[in-house]
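Let's take a friendly walk through this model together. Have the sequence and the coordinates open as you read.

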Amino acid sequence: MKKLIALTVNGQVHEVAVEPRQTLLDALRYDLGLTGTKEGCGTGNCGSCTVIMDGKAINSCLVLAIDSEGNNITTIEGLAQDGQLHPLQQAFIDESAIQCGFCAPGMLLSAKALIDVNHHPTEIEIRQAIAGNICRCTGYDKIVRTILKQTATGKEQCHA
Amino acid sequence: MIDFQYLSARSLSEALSLLRETKHSRLLAGGTDLIVQMKDRRANPSACIDVKKIQELNRLEWDGNSLHIGAAVPLAKIIAFNEVKNRFNILYQAMSLIGSVQVRNRGTAGGNICNAAPSADSPPALLCLGARAVIAGNNSQRILPMEKFFRGPGKTVMTADELLVEIEVPTPPPHSAGCYMRHTPREEMDIAVAGVGSFLVLDETGRCTQARIAMGAMAPTPIRAIEAEAGLTGKVLNHDLLEKAAEQASLEARPISDLRASMEYRREIVKVLARRTLTNAWQAASAGGVKSK
Ligand SMILES: Cc1cc2nc3c(=O)[nH]c(=O)nc-3n(C[C@H](O)[C@H](O)[C@H](O)COP(=O)(O)OP(=O)(O)OC[C@H]3O[C@@H](n4cnc5c(N)ncnc54)[C@H](O)[C@@H]3O)c2cc1C
Ligand code: FES
Ligand code: FES
């Protein structure tokens, strides 16, 4: 039976009617039309469904929508501000850290969750933070280098 | 996933009465095991009882004598707790290896042991540290040593109307140290083909007063290598003794062949891991080991 819940996504509260078995991923994509969050494996292995919940990167494919009431959720659609891409998004484009782009929303959110609490991460910290995000195209090096470059001392705007 | 009822328990007593009142219900913590099983239809509960909002299950505290890990505390929070890293390092090592950041942000300590996967990473470390499970049932509570907790793949000794409240880990004595290592085909995000925890306590003179070796993915449940441990207790350690203990541990393993590895390979790799973890634990304990109280 469907139940009405309130989901807080990118600062906005949405009322959604969900079945208990609906995942947060499905509610985002099909009820809210936020299709930037991708479904790869559906089992927690690929990270393409990563969103930030209360400051932490999580796999939205393994969380029930009904279990997400009252949490603050940030999806890839929430990164740009006033039509301006987040510096990390722009850097991914400028540095060609994106090929097909399927992994990018999850990669960016995992990276953002890291740099929100660790402004100048080391390469190892970056690699650990995105270890749950699979990219089949870039070979990771460009992604890691882009995040490293963007968070190097002097680039404070990234975690604004 | 088939349809089910979602119930969120606000207190321990509410969770216990929901368990009693609902048939075929399952407790839900981080869901990183259960939701996957429900998607595969390996688990088809008629109700999920969410335990994440229960206060007692969210405790994370070191009181000098013991570390108290509430069953619903996420793994990421446990490894970020300095006392765990400083005083219960083997547990820190094991939990840091579980899944990815995303999995550790949701997955809990309780879920890891209650799911009872023979390959789970935290049980060998918990066995090494002599941890206990605090279980609540109908008007009662029981405390069990970790050795008695597991019954087989996916099975624990808890009955359908019980739930895990917390894991209690006694503070390791001075001059002790542990080490956990696992072997996986991929470095990150893979299930252990073998996992070994070793934990040694030395006295002032360097003699071993207690040895624990625990193995994952080597039997239907996580197990200790009792004979191998006995070969070290009371002895002044050297590389030869550690090598013999590692060989003995491998003989005590009862591995199976599956798609991840053959029985023979598992038996070989467990010996290597036992030797490496024992060596690391010995070196760390000789260097002073964990801080005393
Ligand atoms: C991509 C991925 C990678 C993973 N990698 C690893 C790994 O490297 N090592 C590893 O060990 N595990 C791994 N896991 C498994 C899983 O993440 C862990 O076992 C995790 O700790 C489970 O916790 P949870 O809170 O998500 O459990 P849940 O899925 O919520 O619950 C698991 C089981 O425990 C029961 N349960 C939960 N809480 C209680 C309670 N308080 N009392 C009684 N029963 C309870 C549930 O009913 C269920 O049967 C991985 C999982 C995924 C999806
Ligand atoms: S779709 Fe969620 S981790 Fe792959
Ligand atoms: S760019 Fe194609 S999967 Fe990463």
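Which backbone oxygen does the side chain of B:Arg182 reach? That of B:Leu97, at 3.1 Å. The model is predicted, so local features need pLDDT of at least 70 and side-chain atom pairs pLDDT 80 or more, while totals for chains, interfaces and linings use all residues. Residues are numbered from 1 along each chain as written, chains are lettered from A and ligands numbered from 1 in written order, and side-chain values use heavy atoms, without hydrogens and water.

B:Arg182 sits in strand E11 (residues 176–183) of chain B; strands are DSSP runs (E, at least two residues) and helices likewise (H or I, at least four), numbered from the N terminus. B:Arg182 counts as buried because its relative accessibility is 14%, where buried means under 20%, exposed over 50% and partly exposed in between (1.4 Å probe, protein chains only). Its side chain also makes a polar contact with the side chain of B:Asp121 at 2.7 Å. Such a contact is a pair of N or O atoms within 3.5 Å; within protein, one must be able to donate a hydrogen and the other to accept it, and residues adjacent in sequence count only if both atoms are side-chain atoms.

Now turn to ligand 1, which lies between chains A and B. An oxygen atom of ligand 1 is 2.7 Å from an N or O atom in the B:Arg26 side chain, and one is 2.6 Å from a polar backbone atom of B:Leu27.

Over in chain A, A:Ile98 occupies the loop between helix H2 (87–94) and helix H3 (104–117). With 33% relative accessibility, A:Ile98 counts as partly exposed.

Technical notes: A residue is near a molecule or strand if one of its heavy atoms lies within 4 Å of it.
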